[in-house]
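Thank you all for coming.

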Amino acid sequence: MIEISNLTFGYSKKKLLFKNLNLKLQMGHIYGLLGKNGAGKSTLLKNLAGLVFPLEGQCKLKGYRAADRLPGFLQELFFIPEEIYLPGTSAVQFAQSTAHFYPKFDEGQYFRMLAEFDVPQTSILSKLSFGQQKKVMIAFGLATNTTLLIMDEPTNGLDIPSKAKFRRIIAGALTEERCIIISTHQIRDLDSLIDSLLIVHEQEIVLNKSLDEIAERIYFGSSALLDKEMVLYEEPHRIGLNTMSVNHNEVFSKVDMELLFSAVISDHKSVINHLN
Ligand SMILES: Nc1ncnc2c1ncn2[C@@H]1O[C@H](COP(=O)(O)OP(=O)(O)OP(=O)(O)O)[C@@H](O)[C@H]1O
């Protein structure tokens, strides 16, 4: 399990980004992390990865405190940041020099994913395009088979066919022993991929729910004819309204993550209260 308890963090003590933030993440899930620009998504991920240190509280992975950065912790975590800088070696040489830090690294899986992404194994990584470099990191990160895989804006730089491959490859690599967190503004890139949603807003995690739990409680529709009292949030659409309403008929609808995100960051209390 991954647990953040009472996390207080700011780059300066005068301006806190998180105050007493608590979060538990379970294995076997792919979490989508959403938040406005500057809400602190990357910073939260860096706290989880032990790349910055809490002012108070702690982040724990498999009993290891992230801030201690012990070898046992580092071999259970792979972090793909938004900006990546790869060395002047090939994908094969990169694995030869780096994979031994990850005891569960699967070389066959790495090469299969590189092939699926159409990335040549022998090209010099630093000379590949940004999108190709991202694919190498995604393939390597998945092949490490670490308990926690964190990806910050992984689909930036990927072309449209590669985004579909990305979803397929990630979904295929999830096991009951690992947890994947993906932070992104490209909510549609996460469609049919994530099973749980995290939203960071105003120093807190205001939502941590599976899409199934959300769909049980909220009906996502596009009708102006709904009982107004049941409507939690609505937004004009080209030919009508996109609505979120109380799911009193227990009808299962597809979660509109963009709409939910807009609702949470504009009037999060009513929607959040209903979900919680
Ligand atoms: N190294 C740093 N030193 C000081 N302030 C920082 C540093 N890194 C980030 N910040 C500030 O912390 C806040 C949160 O930044 P962060 O990058 O975590 O947000 P984000 O939610 O990932 O944003 P975006 O969606 O724009 O990528 C911002 O106000 C940013 O300016």
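I will begin with the ligand, then turn to a pair of helices, and finish with a few single residues.

Before that, two remarks on how to read what I say. What you see is a predicted model, in which local features need pLDDT of at least 70 and side-chain atom pairs count only at pLDDT 80 or more, while totals for chains, interfaces and linings use all residues. Residues are numbered from 1 along each chain as its sequence is written.

Let us start with the ligand. The residues around the ligand are Y11, L17, G35, N37, G38, A39, G40, K41, S42 and T43, where a residue counts as near a molecule if its C-beta atom, placed from the backbone, lies within 6 Å of it. Sorted by class, this shell holds 3 nonpolar, 6 polar and 1 charged residues; here Ala, Val, Leu, Ile, Met, Phe, Trp, Tyr, Cys and Pro count as nonpolar, Asp, Glu, Lys and Arg as charged, and the others, Gly among them, as polar.

Which helix gives the largest share of the shell around the ligand? That is helix α1, residues 41-48, with 3 residues; helices (H or I, at least four residues) and strands (E, at least two) are DSSP runs, numbered from the N terminus. Helix α1 is mostly covered, since 6 of its 8 residues are buried, namely K41, L44, L45, K46, N47 and L48. By buried I mean that 20 or more other C-beta atoms lie within 10 Å of the residue's own, with exposed standing for 12 or fewer and partly exposed for what lies in between, and with C-beta atoms placed from the backbone. Just after α1, G50 takes a positive phi of about 75°.

Now to the helix pair. The axes of helix α4, residues 107-116, and helix α5, residues 130-143, come within 8 Å and cross at roughly 150°, the axes being lines fitted to C-alpha atoms over the stretch in contact, with angles running from 0 to 180 degrees between N-to-C directions. That angle makes α4 roughly antiparallel to α5, a term used for angles over 145 degrees, as against under 35 for roughly parallel, 65 to 115 for roughly perpendicular and oblique for the rest. The contact is made by Q109, Y110, M113 and L114 of α4 together with V136, A139, F140, L142 and A143 of α5, where contact requires C-beta atoms, placed from the backbone, within 7 Å. By class, this contact has 8 nonpolar, 1 polar and no charged residues.

M113 also leads us to A173, for the two are 60 residues apart in sequence and 10.0 Å apart in space, C-alpha to C-alpha. A173 lies in helix α6, residues 160-173, and is buried, with 20 other C-beta atoms within 10 Å.

Most residues other than glycine have a negative phi. D118, in the loop between α4 and α5, has a positive phi near 60°, and it counts as exposed because it has 11 C-beta neighbours inside 10 Å. R69, in the loop between β5 (64-65) and α2 (71-74), has a positive phi near 45°, and with 14 other C-beta atoms within 10 Å it is partly exposed.

Finally, H274 lies in helix α8, residues 257-275, and is partly exposed, with 15 C-beta neighbours inside 10 Å. Not counting residues up to four places away in sequence, H274 touches R217, L232 and V246.

Terms used
Two residues are in contact if their C-beta atoms, placed from the backbone, lie within 7 Å.
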